[in-house]
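Trainee: I would like to learn how to read helix packing, sheets and interfaces in a model. Could we go through one together?

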Amino acid sequence: MSGTSNETARRIAMLRDMARIRAFEREAVAAMRSGEAPGVVHPSIGQEGVAVGVCANLRRADRITSTHRGHGHAIAKGADARAMMLELHGRAGGSCGGKGGSMHIADFAVGMLGANGVVGAGIPIACGAAQAIRLTKEDAIVACFFGDGAVNRGPFLEGMNWAALYRLPVLFVCEDNGFAAFTRNSAVTAGGGPAVRAEACGVPATVVDGEDVLAVDAVAADLIGRIRAGAGPQFLHAKCYRWEGHTGTDAAAYRPAEEAQAARGRDAIRRLAAVLEAEGVAGAEIIGIEAQAAAEMASHRAAALAAPWPDPGAAYTDVQDAGAPA
Amino acid sequence: MTRMTFAEAARRALAAEMRRDPLVWALGEDLVQGGIFGQYRGLADEFGTERIVSTPISESTIMGAGLGAALCGTRPVIEMRIADFTLCAMDELVSQIAKVRYMFGGQGRASLVVRMPQGMWRNSAAQHSQCLEAWLTHIPGLVVAAPGTPADAAGLLVAAIRSDDPVVLMEPKNLWTAEGDVPDDVAPIPFGVARHAASGDALTVVTWSATVPVVEQAARESGVACDVFDLRSLWPWDEAAVIASARRTGRLLVVHEAVTVSGFGAEVVARVVEGVGPGGLRGVERLGAPRAPVPFSPALEDAMRISPARVAAAMKRVATT
């Protein structure tokens, strides 16, 4: 470890988190492609700067809601990555005991209230979480992640109005990777975009380069500071790019290869690494951080493959107390 | 015991629960103004507008915010105004609330109540009169309750609020002003325990919600010795009591306001047949609505309405087959 300032140490931690997310996603995609992880994963490679830049400003007591592309949010909030990898593989010991999978990862111990398989569904949930926090006088806020596709759903409009109306402590994070599944979102979205829509409901909006984690961190720090001070909801429109397809096996043939290649040139991890090197952090230390992240996630994947399947009886537990399955 | 309306019984029960537990709160349209049936009257004065929350007409967020609030440790009472409006919040109810506990491996519970007054009421026509209980009994994760008396309106609401499960409470709009005796100290009514409304050996009759007083009147007037069960909750429901009765009487009539086709009566009949065996019933009938929307005109609505006379006729038919 180089002798560093607190600020540099904090940036190194952000680099580590981004590297861990990317390594997790690479293992998840490989596991999906090989069939070792059943079902579907929606990788967030290229979007790590948004998750990490926001969550670097959250405390453990703060809550987040997430999306189908939610591995990065969970890891950035401090979720147990090993349990997540087991969950992706449907194994006992997974975050949800193998009953949720990639799209339903939750880790309530760190305030991660759940990924969601329905676009925009986390928005009302985040509003209610913030209302409960206020009612119980908890010192916490809610960060609500959703994609650009969500701005065309009704709950987006409802939630913006609702949060502004009750001045709720929510940071809405529109993680705009440009694509709503296979469709370029600009091709199906009229008007001035997410920030304009949020402001129309009275939620102040800020646009940020989501591929610059330090920019996201700075803006998130400001917005979250306002929310904690009682200013009500804030909206962060973070522009980024989804390097992979919609899922781990989608080749994304609907977009030019050069566009995806260009996004790799704006890589949030490499950009932060360059800043750190300019600040005097040794290249070897950065390589070490990335290697350690890769080793950690490879080890989790190996652990997942070795983990037992859930007891079949677990298929019938945690349904409900009254009238539970016979 | 005090005689009061269905709405007043429900109002007092919620007030008592809110006094007992500061984590209980309610959200929905026009609640500060008392709710459209007066079932929240005066509660904002006592509990303030942070616990009796009037919301925008935003059904998805009324429902979804209730879930988020439950996941953060409070016990929300979600008011949908009428059951038909729940259709604007079905994702939040069916794919979120009903499933979070399961999907997250038990990490979170949706301990909340969804109140959705349902059924015919004062010629409200096709979009404000539906009985959709069968949709919701089909959804794993949900408890579904449907009170038919003021006492049960109170007791089931108390049970719903204290339940750790998400509970859908389908209150019959047509009975808000019906009167009945209500205990001064309301105890929770356990889900899955029917109210044995009348005893008889000739015919087992099963009903719930708005048709409860209709069936009770018909049982008195029909001259048939009916064994009447007001199910009170539809999931779970009191299969054991109904099957035992049907085994004894050998005849079964199910009465509900909802459309008969794929209605919950079909489930009741199927389970009773499984319970008593294929030859165990000499007579069986379901009496519900035709597969048509509810019309507006009183002349048309009354034609579709389940009346005591229609129920009594069905009782006689089934008892004598």
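This is a predicted model: local features need pLDDT of at least 70, side-chain atom pairs count only at pLDDT 80 or more; totals for chains, interfaces and linings use all residues.

Trainee: At what angle do the axes of helix 1 and helix 7 of chain B cross?

Mentor: Helix 1 (residues 6-20) and helix 7 (residues 150-162) of chain B cross at roughly 30 degrees, and their axes come within 8 Å. Helix 1 of chain B and helix 7 of chain B are therefore classed as roughly parallel. The crossing of helix 1 of chain B with helix 7 of chain B is right-handed. On the side of helix 1 of chain B, the contact includes Phe6(B), Ala9(B), Ala13(B) and Leu14(B), while helix 7 of chain B contributes residues including Ala154(B), Leu157(B), Val158(B) and Ile161(B). By class, the contact between helix 1 and helix 7 of chain B has 12 nonpolar residues, two charged and no polar ones.

Trainee: How do helix 4 and helix 11 of chain A pack?

Mentor: Helix 4 (residues 81-88) and helix 11 (residues 283-306) of chain A pack at about 45 degrees, with axes 8 Å apart. That angle is why helix 4 and helix 11 of chain A are called oblique to each other. Helix 4 of chain A also crosses helix 11 of chain A in a right-handed sense. Among the contact residues are Met85(A) and Leu86(A) of helix 4 of chain A, and Met297(A) and His300(A) of helix 11 of chain A. Seven nonpolar, one polar and two charged residues make up the contact of helix 4 with helix 11 of chain A.

Trainee: Now the sheet. In what order do the five strands of the open sheet in chain B lie?

Mentor: The order in chain B is 9-11-10-13-14, with mixed pairing. Strand 9 (195-198) and strand 14 (283-289) of chain B are the edges, each pairing on one side only. From one strand to the next, the twist averages 20 degrees. Strand 13 (residues 251-259) and strand 14 of chain B run parallel and are joined by six bridges. Within that pair, Val255(B) stands opposite Leu287(B). Helix 9 (residues 239-249) of chain B lies across strands 10, 11 and 13 of chain B, at about 155 degrees to strand 10 of chain B.

Trainee: What should I check in the backbone itself?

Mentor: Most peptide bonds are trans, and most residues other than glycine have a negative phi. The bond from Trp235(B) to Pro236(B) is cis, with omega near -5 degrees. Pro236(B) sits in the loop between strand 12 (233-235) and helix 9 of chain B. Arg167(A), not a glycine, has a positive phi of about 50 degrees. Arg167(A) is in the loop between helix 6 and strand 3 (170-176) of chain A.

Trainee: How many residues of chain A are in contact with chain B?

Mentor: The size of an interface is often given as the accessible area lost when the parts come together. Here we count residues instead: 37 of chain A are in contact with 39 of chain B. Helix 5 (122-135) and helix 6 (154-165) of chain A are the elements that give two or more residues to the chain A side. Helix 5 of chain A gives the most, with 10 residues. The chain A side divides into 19 nonpolar, 13 polar and five charged residues.

How values were computed
Residues are numbered from 1 along each chain as its sequence is written. Chains are lettered from A and ligands numbered from 1 in the order in which they are written. Axes are lines fitted to C-alpha atoms, for helices over the stretch in contact, and angles run from 0 to 180 degrees between N-to-C directions. Helices (H or I, at least four residues) and strands (E, at least two) are DSSP runs, numbered from the N terminus. Angles under 35 degrees count as roughly parallel, over 145 as roughly antiparallel, 65 to 115 as roughly perpendicular and the rest as oblique. A crossing is left-handed if the near helix is turned anticlockwise from the far one by less than a right angle, and right-handed if clockwise. Two residues are in contact if their C-beta atoms, placed from the backbone, lie within 7 Å. Ala, Val, Leu, Ile, Met, Phe, Trp, Tyr, Cys and Pro count as nonpolar, Asp, Glu, Lys and Arg as charged, and the others, Gly among them, as polar. Two strands pair if DSSP finds at least two bridges between them.
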